[in-house]
Amino acid sequence: MRAGFVFSEVTTGLRRNVTLTLAVVITVAVSLTLFGSSLLVRAQVQEMKDYWYDRVEVSIFLCGDISDVPSCASGAVTEEEKDQIKQDLRDFKPLVQKVYFESKAEALQRFKEQFKDSPLAENATEDQMPESFRVKLSDPTQFSVVAAAFMGRQGIEEVRDQRQSLDRLFKALSGLQNIALAVAAVMLLVTGLLISNTMRVAAFSRRRETSIMRLVGASNSAIQLPFLLEAAVAALIGTIVALGLLAAGKYYLIDNTLASTFTFTTFIGWDSVITLIPTLIFVGVGLAIASALLTLRKYLKV
Amino acid sequence: MIRFENVTKLHKGASRPALRDVTVDIEKGEFVFLVGASGSGKSTFLRLLLREERPTSGTIWVAGKDLTKLAGWKVPVLRRQLGCVFQDFRLLPNRTVAGNVAFALEVIGRPADEIKRVIPNVLELVGLEGKEDSYPNEISGGEQQRVAIARAIVNRPQVLIADEPTGNLDPETSIGIMKLLDRINRIGTTVVMATHDVAIVDQMRKRVIEIEDGRVVRDQARGVYGSGA
């Protein structure tokens, strides 16, 4: 097959079914935008996990005067108990990377900072604040080891893992991602069916050409190639549109809006968008070629 | 060139076979008429020849190849050795005369300069000089059939298969087409032509194979349409 001949066949084919080609472009664009978004959400969750897990600590709150758990029955924590806990924490090296003691004064300061716009901050006093050890683990998933060793011990009110509260957020985010992925999967299926139908119409509208091609001994691939290229070109245009939409979303939604509002976390960079390019092209064009091939095998038999 | 050995074709769902135990031998360079009523099995014969269908039993040899054993991907190569002409011409309306003939070469990947070179020759052979740039709807039926014949032979096939090529043409035009087919036959192309046209068969005095009810009932060297009956 000469390239020029194939090219002219593809362009006439695309022009002949403008509306159907457009439909393919749009569905590919929409489904791949959804698919790409779900991949970006996953990248975002990963980004936040990396960022936050690096910063989370295990907090060991010590008994104060007003604690009412059984391990605090004997009153506030003593200096001796504090030293013992600190000593025992050191024995957990290398799991325990860093131990930092937070005094009542520091706790109050942190509290006031966190609730600076609320009347709570003004009424809080140092005595209400618990003392605590802030423990940084080399492997945050090993929290239970530390918890088991210190939970319920005399002088310790509570052992709390910050990771747990973060995990709830991440779970919500991956739930969101799964929904986007499910919708994208349905959309991709619809896209496949639409491409298949488009190919059927294209094969029908060119049945005269294909029947002559068969008669004069054109090979199967020569007959199918223009159709496949048509599907691939339409899908590629749709993929490019999807990538454009995702890039615009990243720029306007994340960089311009979210990043300036939520300064406490990091957001995905352009590298995440760039790594989408080969994936989306592969999925979009691959889907088009696969569904076109399946259809054509039936309608363009030699 | 073409050999049918005890070929039987039973179509799916049909109660009677379209061809029954047909054995026919056609030599290279022969001109053969295939005659018989509608539904007698002529079309099935031609479709088997083109390997659009496979026989239920028996063997078919075309140009040295056993069609019953021919792999699917080799079928296009076989068809390049068989030219085809039909009653309804089967031209592309949006291509010129030259474009229609060129199409046959383009789709099998012939280089552009070769196409440019051979098209004028083949159009001259079929008597269409000066019509290169006309579209099929601008020329007569006889001329359209000449375009179809040009397209069928431009690739220099060994066999030309014609299925009622004069079926849509008036007698005078038909004679012109037959003269052309005869000329192509004399160049060395084997011609197999299915027809209903009594006058043409009687006039040409070529070999006649008559099929009735799926059987070969007559195979006559210099036959006429209705003799023997």
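Guide: What follows is a conversation about the terms and the values behind them. This is a predicted model, in which local features need pLDDT of at least 70 and side-chain atom pairs count only at pLDDT 80 or more, while totals for chains, interfaces and linings use all residues. Residues are numbered from 1 along each chain as its sequence is written, and chains are lettered from A and ligands numbered from 1 in the order in which they are written.

Visitor: What makes chain A more spread out than a compact globule?

Guide: The radius of gyration, taken over C-alpha atoms, is set against the globule rule, which is 2.2 Å times the number of residues to the power 0.38. For the 302 residues of chain A the rule gives 19 Å, and the radius of gyration is 31 Å, well over that value, so chain A is called more spread out than a compact globule. Along its principal axes, the C-alpha trace of chain A spans about 100 × 40 × 30 Å.

Visitor: Why is chain B called as compact as a globular protein of its length?

Guide: For the 229 residues of chain B the globule rule gives 17 Å, and the radius of gyration is 18 Å, which is close to it, so the description holds. The C-alpha atoms of chain B fill a box of roughly 50 × 40 × 30 Å along the principal axes.

Visitor: How do you know that A:Glu102 is buried?

Guide: A residue is buried if 20 or more other C-beta atoms, placed from the backbone, lie within 10 Å of its own, exposed if 12 or fewer do, and partly exposed in between. A:Glu102 has 20 C-beta neighbours inside 10 Å, and therefore counts as buried. A:Glu102 belongs to strand β2 (residues 96-102) of chain A, a strand being a DSSP run of E with at least two residues, and a helix a run of H or I with at least four, numbered from the N terminus.

Visitor: Why are α9(A) and α10(A) called roughly antiparallel?

Guide: Helix α9 (residues 220-261) and helix α10 (residues 270-299) of chain A pack at an angle of about 150°, with their axes 8 Å apart. That angle makes α9(A) roughly antiparallel to α10(A), because angles over 145 degrees count as roughly antiparallel, under 35 as roughly parallel, 65 to 115 as roughly perpendicular and the rest as oblique. The axes are lines fitted to C-alpha atoms over the stretch in contact, and angles run from 0 to 180 degrees between N-to-C directions.
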